[in-house]
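Please read it alongside the sequence and the coordinates.

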Amino acid sequence: MLEVKSLRKEYGPLTAVKGVSFSLNPGDIFGFIGSNGAGKTTTIKMIATLLEPTSGTAVLNGADILGDPMEVRRQIGYMPDFFGLYDEVRVWEYLDFFAALYRVPSVDRPGIIDNVLELTDLTVKKGAFVQSLSRGMQQRLCLARCLVHDPALLLLDEPASGLDPRARAELKELIAELGRMGKIVIVSSHILPELADFCNSVGIIERGELLACGPVEDIIQSLQTARCLMLKSLSDPVELAAFIERLPLVQSARSHDATSVAVEFLGGLEEQADLLDAVIRQGYRVVGYSEELVDLEDVFLRLTTGAVN
Amino acid sequence: MRGSKPFWIFTAYVLCLCFIGVWTYWTSIGREGLSLSSAQSELTGFFNSLIIMLGAAICVISPALTATAIVAERQRLSLDLVLSAPVEPKYLLVGKMISSYRYTWMLLILALPIVAMSVVLGGATWKDVFSCFLLLSFHAMIFTSMALLISTFVNKPAAAVIYSFIGVAIYVVASSMLAATALPFSFGGGASTHPPFTIALSPFFVLQAVNSSMLIGSVEVPNWLLAGVFTLLLCRLFLLGAAVNLAPLDKRISANLRLTGLLYTFGLGALIPYSIHPAMPAVVGASPELAPDPSLYVLNIGLGSICWLFLGSWMLFTYGRTGSRRFWPNGHFSLRHTLDGTPAGQLPYALLLVGSGLLGAYLGNRWVGGDAPSDSYAPGLLWPVGFVVLAWGLGHLLSAACREMKSARAFHFCAEMVIFFGIPLLMSVARTAPSWVKTDSDMPTSGLWYLWPFAPLIDRGQFWLAWAYGVVMICIGLWFKLWAVNLEGRRARELSYAG
């Protein structure tokens, strides 16, 4: 279990991270969202023991990042937003080197290397030089490096940046698989739709402050005061909007285009059915009805102002 | 190195050595009609030239191979990956050092067949060969660790290589000067015919040092052994410095480096009166009445021992406005932070350093039978304190004025160079001498020399001068510090307003 307690980082008068707190359990995939300079990488680096927090701490399975950094390092796999690969080194040698750094016994290393290569779908490239791999493969190799010592926590800083759609989909599946394996995964990314697909909780950070944190649905729910309904009809949308606006629980209604009306509705599913029923009874010829779902991107845009430190 | 590159590099190296060997042979020993004694002498010369050439090769190759070790990791962004693993910096550094050092040994081993020619033909013995190789390997170890240290605080490989060569050049010049001062002992010019171990510190004096030994009390200790101890101590200092650069937040390493600094300063302070006092007057041919007054050493050696502090203070007393919190002011003077490298601990540590140098000099002087210093010297002790406070205040002022630590360090270094060389340069251009110098020449004397903060170090009899300089420097240092505090406050207000 990872517990981040009021983590704070100051650079003189500049506060990069302002008391970030959250806790994660095994199997959690946590999406860390924020614009550039929001404090994501600083937070991740503090958890990775590469930066000393000004105050606060993080505890991973009983090991404190300040009190026992070596034990924390043994339990984490850190993948920064760059590759950091060595030239003239083969894939298996690269993994063997890092396995040795993490004190994996030499007799176990060949088997572990084969396993992580299989998991990251790089078995065929075992003997290839790392500089000959494509960007997507190098990304997967970096992930494989993080896995050689079977860490409890994976810190992935912008893992999908610069990848093509196929490589991105493969990486997404791989991270989901790691979550299913019981690892805690923290992923920072700018590409919000892909985070929403496999993260079961997210944290939105701006100017070092954690604005929202928790399961994706809960955050959306907490922000969404009214549902956005879209009615498509063959009738005049202006007239229909005027009628709908008079109905109970309707916050606003306006014609969206030549055939559609957008409705901000405060009721639940039962009330939605009543609204539709009332519209049809009035003689409007409805041909389509849908709820516009708020996604993570909307939540992010609503919560943040775009300000940076 | 992987692939065919090392093969071709080492082949070229061996071919180069072979060419020099054959050329030397045919132009000297291979000549017809050479007598046996002349041939022997030529062979010895051949051996000597090979060893000097190997010394030069090591000066070039060792730093070149090591200088990029850490900076290349930083540039390819793999250093963070290594440091996020449970690896202590000392293991990383020792690993890097072994990796580079083995190439140096490979160069020596590859040179062995060529050097062996002179053994087979009678110009040298195997003992000479292996002793020379041992001493050369010590120098290679020093250059390797020095280049590793430099590699940890520069950002570009080319800069690392250049700075390493500069560092090696400074070491070679300084050690050769030390070795040259030790050389007259070998010719019977000193109180003893045993040269001090400083003769073994230069890669170009290997041949003179190889069979020499130094008297410690009544025990004759081989100089290669003392050079080996010196090498290990110096490498430890360099590697600790590198480890602090790699892991600036690790307070244990910072404390370890600072404790090592204190011990070394104490050792230097103790060693200098011991090694110089009994022998040096005889070496330079001075009359007994001009032999140094032992009690003067207490002050002068103490003052001398902080000269390195002067050279290093641009690193010791500056801190950055970017980077980790460690480099932000965390107070003005705190004994609790003496060993952790934070700005609040800089002044207490520097004062401790001066104290340990003075204590070492005092104890060393007493050990060699020198007189206890009289009370009149006590005021002179204010000079080193003043010097430290001045350098500390200047460092803090420049740190507050500059945005980056690098700029603060550069300006501090330049400012100290001006302080150190400014007045002497001005006076030498004006062709004047200090007013206390009694000169027979018609060179005019000038009191302007008294503006030079280091004047009391030269004008040794004037302890009141040291006292006065100490007070003035303390005042200026504190004024700089107040200025720095004011600047920092203003900058903080500007930043909070902008935020």
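Chain B contains 18 helices and four strands, where helices (H or I, at least four residues) and strands (E, at least two) are DSSP runs, numbered from the N terminus. Of the 499 residues in chain B, 40% are buried; a residue counts as buried if 20 or more other C-beta atoms lie within 10 Å of its own, as exposed if 12 or fewer do, and as partly exposed in between, with C-beta atoms placed from the backbone. Among contacts in chain B between residues at least 6 apart in sequence, those joining residues at least 24 apart make up 73%, a contact being a pair of residues whose C-beta atoms, placed from the backbone, lie within 7 Å.

This is a predicted model, in which local features need pLDDT of at least 70 and side-chain atom pairs count only at pLDDT 80 or more, while totals for chains, interfaces and linings use all residues. Residues are numbered from 1 along each chain as its sequence is written, and chains are lettered from A and ligands numbered from 1 in the order in which they are written.

Chain A is divided into domain 1 (2-222) and domain 2 (225-293), with bounds that come from an automatic or database domain assignment. The centres of domain 1 and domain 2 of chain A, taken over C-alpha atoms, are separated by 45 Å.

An open, antiparallel sheet of chain A is formed by four strands in the order S2-S1-S4-S5, two strands being paired if DSSP finds at least two bridges between them. Strand S2 (14-24) and strand S5 (63-64) of chain A stand at its edges with a single partner strand each, so one side of each is left without a neighbour in the sheet. Strand S1 (residues 2-11) of chain A runs antiparallel to S2(A) and is joined to it by seven bridges, with Glu10(A) standing opposite Thr15(A) in S2(A). Helix H1 (residues 40-47) of chain A packs on this sheet, where it touches S1, S2 and strand S4 (55-60) of chain A, and its direction makes about 120 degrees with that of S1(A). Such axes are lines fitted to C-alpha atoms, for helices over the stretch in contact, and the angles run from 0 to 180 degrees between N-to-C directions.

**The six-stranded sheet of chain A**

An open sheet with mixed pairing has six strands of chain A in the order S6-S7-S8-S3-S9-S10. At its edges stand strand S6 (76-79) and strand S10 (209-214) of chain A, each with a single partner strand, so one side of each lacks a neighbour in the sheet. From one strand to the next the twist averages 15 degrees.

| Strand | Partner | Sense | Bridges |
|---|---|---|---|
| S3 (residues 29-33) of chain A | S8(A) | parallel | five |
| S7 (residues 153-157) of chain A | S8(A) | parallel | five |
| S9 (residues 201-206) of chain A | S10(A) | antiparallel | five |

In S8(A), Ile186(A) is the bridge partner of Phe30(A), and Ser188(A) is that of Asp157(A). Six of the six residues of strand S8 (residues 184-189) of chain A are buried, so this strand is largely enclosed by the rest of the structure. Both of its faces are covered, with Ile184(A), Ile186(A) and Ser188(A) buried on one side and Val185(A), Val187(A) and Ser189(A) buried on the other.

Helix H11 (residues 296-303) of chain A lies across S3, S9 and S10 of chain A, running at about 30 degrees to S9(A).

**Nonpolar cores**

The largest nonpolar core has 73 residues, of which Leu95(A), Leu155(A), Val185(A) and Val187(A) touch the most other members; such a core is a set of buried Ala, Val, Leu, Ile, Met, Phe, Trp, Tyr and Cys residues joined through C-beta atoms within 7 Å. Helix H5 (residues 135-147) of chain A supplies the largest share of this core, seven residues. A second, separate core of 71 residues includes Leu54(B), Ala57(B), Phe197(B) and Leu240(B).

**Positive phi values**

Most residues other than glycine have a negative phi. Ser6(A), in strand S1 of chain A, has a positive phi near 45 degrees and is partly exposed, with 14 other C-beta atoms within 10 Å. Thr49(A), in the loop between H1 and S4 of chain A, has a positive phi near 65 degrees and is buried, with 25 other C-beta atoms within 10 Å.

Key. Contact = placed C-beta atoms within 7 Å.
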